[in-house]
Amino acid sequence: MLKAITLLSGAAACAASGAIPGKTVQIAPGVEMPTVSLGTCCGSSPQEGLQGWLDAGGRGIDTALNYGDQTVIAEILAKNPHIARSELFLTSKIPAGLGGSAYCNASTAAKEAYAAVQEDVKQLNVTQVDLVLLHAPCDDADANNELWKGLQKAKDEHLTRAIGVSNFNYRQLAALEGPVPSVNQCRMNPDYHD
């Protein structure tokens, strides 16, 4: 069963959603995800917000390969050795439909997806992330399925604990072959129009 999880940042978002920092939901067998994570996209800066988030007890961090902030996140986490890796929940996303022709070319998509997860792990300086998402669907269902195979391989090789998608609609979800995504993270904010 696909669970709808919204990754939010900020106290106002927590209050508006009814989410409780520290509360988790099981997204896959043995994988508990915080209901609230600090997003590092779209103008936010890990240099400004991540340390305060960690100091306040936040442990969910949402990033993406194409945000260009994963090495900064790794540096900040390294300055907090009192926080065990097992206490953190790192979500990353590979570009997929946002990443141009390499990601949406069905003949190379699985290889590109797997390589992107390897790069996530490297940039975050961890052996495994907790959740990797396809950041956006490609127009081609075959490419989406090949990307999904690449994420499955990454999961099978323990580079991630869970895999999911982001911004997929019902038809795109129904066309995916293989295991059901653990999460479909959908963009939702007051000024978003698509």
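**Charged pairs and their surroundings**

Author: Aspartate 62 is buried, with a relative accessible area of 6%. The model discussed here is a predicted one.

Reader: With which side chain does aspartate 62 meet in a salt bridge?

Author: A salt bridge needs a Lys or Arg side-chain nitrogen within 4 Å of a carboxyl oxygen of Asp or Glu. For aspartate 62 the N to O distance in its salt bridge is 2.8 Å. The partner that meets aspartate 62 at this distance is lysine 93.

Reader: How many residues apart in sequence are the parts that this pair ties together?

Author: The salt bridge joins the side chains of aspartate 62 and lysine 93. Aspartate 62 belongs to strand 4 (residues 60-62) and lysine 93 to strand 5, so the pair ties together parts whose separation in sequence is 31 residues.

Reader: Is lysine 93 buried or exposed, and at what relative accessibility?

Author: A residue counts as buried when its relative accessible area is under 20%. Lysine 93 therefore counts as buried, its relative accessibility being 0%.

Reader: Which residue forms a salt bridge with arginine 85, and where does that residue lie?

Author: The closest N and O atoms of the pair are 3.0 Å apart, and the partner of arginine 85 is aspartate 130. The two are 45 residues apart and link distant parts of the chain, with arginine 85 in the loop between helix 3 (70-78) and strand 5. Aspartate 130 lies in strand 6 (residues 129-134).

Reader: Which residue is linked with Arg85 and Asp130 in a network of salt bridges?

Author: The structure holds five salt bridges. Arg85 and Asp130 form one of them. The network that links Arg85 and Asp130 also includes Arg161.

Reader: By about how many helical turns are glutamate 146 and lysine 149 separated?

Author: The side chains of glutamate 146 and lysine 149 meet in a salt bridge, at 3.0 Å from N to O. Glutamate 146 is partly exposed at 21% relative accessibility, and lysine 149 is partly exposed at 44%. An α-helix has 3.6 residues a turn, so residues three or four places apart point the same way. Being three residues apart in helix 6, glutamate 146 and lysine 149 are separated by about one helical turn.

Reader: What does glutamine 152 touch, not counting residues up to four places away in sequence?

Author: Glutamine 152 is also found in helix 6. At 18% relative accessibility, glutamine 152 counts as buried. With residues up to four places away left out, glutamine 152 touches Ile163, Glu177 and Pro179.

Reader: What covers the buried residues of helix 3?

Author: The buried residues of helix 3 are Gln70, Val72, Ile73, Ala74, Ile76 and Leu77. Their cover includes helix 2 (46-55), strand 4, strand 5 and helix 5 (109-124).

Reader: What distance separates the C-alpha atoms of threonine 40 and isoleucine 61?

Author: Threonine 40 lies in the loop between strand 3 (38-39) and helix 2, and is buried with a relative accessible area of 4%. Beyond its neighbours within four places in sequence, threonine 40 is in contact with several residues, among them Ile61, Asp62 and Ile73. Threonine 40 and isoleucine 61 are 21 residues apart along the chain, and their C-alpha atoms are separated by 7.6 Å.

Reader: What value is phi of alanine 96 near?

Author: Alanine 96 lies in the loop between strand 5 (89-94) and helix 4 (101-104). At 0% relative accessibility, alanine 96 counts as buried. Phi of alanine 96 is positive, in a residue other than glycine, and is near 45°.

Technical notes: Residues are numbered from 1 along each chain as its sequence is written. This is a predicted model: local features need pLDDT of at least 70, side-chain atom pairs count only at pLDDT 80 or more; totals for chains, interfaces and linings use all residues. Side-chain values use heavy atoms; hydrogens and water are left out. Helices (H or I, at least four residues) and strands (E, at least two) are DSSP runs, numbered from the N terminus. Buried means under 20% relative accessible area, exposed over 50%, partly exposed in between (1.4 Å probe, protein chains only). Contact means heavy atoms within 4.5 Å.
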